[in-house]
Amino acid sequence: MVFRTVVENREGQPETLQVVSDVINCTQLPGTPEILKMSPDDSPIEGGGELWMIGKNFLKDTRVCFSYSIDGKEEPLWIKIVEPRQDFFHQSHMIAEIPPFFDPNFCGDVEISVFIKCGEKVSDLVPF
C-alpha cells in the first residue's frame with residue numbers, strides 16, 4: 001500500500017510526498033487443530049476400521065493419536081500414532097485407519113482418547 005499526499009513547499013509549489021507500507025499478507029496463520037465430529041465412535045479391539053473426522057486446521061503433517069490412560073497416572077499407558085489416508089485428506093476432514101488395541105486379550109469396554117497433532121499444535125482429547 002502506498003500513502004501519498006500533495007503539500008505546498010516554501011516556494012508555493014506543490015510537492016508530492018509518499019511512503020510505501022510493509023507487505024500486507026492476506027493469509028491467516030493456521031490455528032490449533034480441532035475435531036468437531038468423528039464416526040464411528042467405537043471399534044472392535046482388533047481395530048482395522050476407518051475413523052472419519054470432520055474438523056478444522058488439519059495440515060499436511062497431521063497425525064492421528066490414539067491413547068489409553070489410567071486414572072492417577074500422568075503418562076498414557078499406550079499411545080499409537082497413525083497417518084491419515086492421503087487420498088481422503090483435506091484441511092477440514094480426513095480418514096485414518098483404527099489401530100488394534102495394545103492388549104488383544106482385553107475383555108470389556110475401554111475408553112481411548114483420540115487427538116490430532118499438527119506440528120507442535122495439539123487438539124483437545126475426544127473420547128473413543
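Here are a few friendly notes on the sheet, the core and the cysteines of this predicted model.

1. **The sheet.** Let's start with the open sheet, which has 3 strands in the order β3-β4-β7 and antiparallel pairing. Its edges are formed by β3 (34–39) and β7 (93–97), each of which pairs on one side only. On average, and ignoring direction, neighbouring strands here are turned by 30° against each other.

2. **How β3 meets β4.** Strand β4 covers residues 50–56 and pairs with β3 in the antiparallel sense over 5 bridges.

3. **The nonpolar core.** The largest nonpolar core has 19 residues, and those touching the most other members are Leu 51, Met 53, Val 64, Phe 66, Val 114, Ile 116 and Phe 128. Two or more residues come from each of β3, β4, β5 (62–68), β6 (78–82), β7 and β8 (113–118). In soluble globular proteins, nonpolar side chains tend to be buried together.

4. **Val 64 up close.** Which residues are in contact with Val 64, leaving aside its neighbours within four places in sequence? They are Met 53, Lys 80, Ile 81, Val 82, Met 94, Ala 96, Val 114, Phe 115 and Ile 116.

5. **The cysteines.** You will find 0 disulfides in the structure.

Key:
Residues are numbered from 1 along each chain as its sequence is written. This is a predicted model: local features need pLDDT of at least 70, side-chain atom pairs count only at pLDDT 80 or more; totals for chains, interfaces and linings use all residues. Side-chain values use heavy atoms; hydrogens and water are left out. Two strands pair if DSSP finds at least two bridges between them. Helices (H or I, at least four residues) and strands (E, at least two) are DSSP runs, numbered from the N terminus. Axes are lines fitted to C-alpha atoms, for helices over the stretch in contact, and angles run from 0 to 180 degrees between N-to-C directions. A nonpolar core is a set of buried Ala, Val, Leu, Ile, Met, Phe, Trp, Tyr and Cys residues joined through side-chain atoms within 4.5 Å. Buried means under 20% relative accessible area, exposed over 50%, partly exposed in between (1.4 Å probe, protein chains only). Contact means heavy atoms within 4.5 Å. A disulfide is a pair of cysteine sulfur atoms within 2.5 Å.
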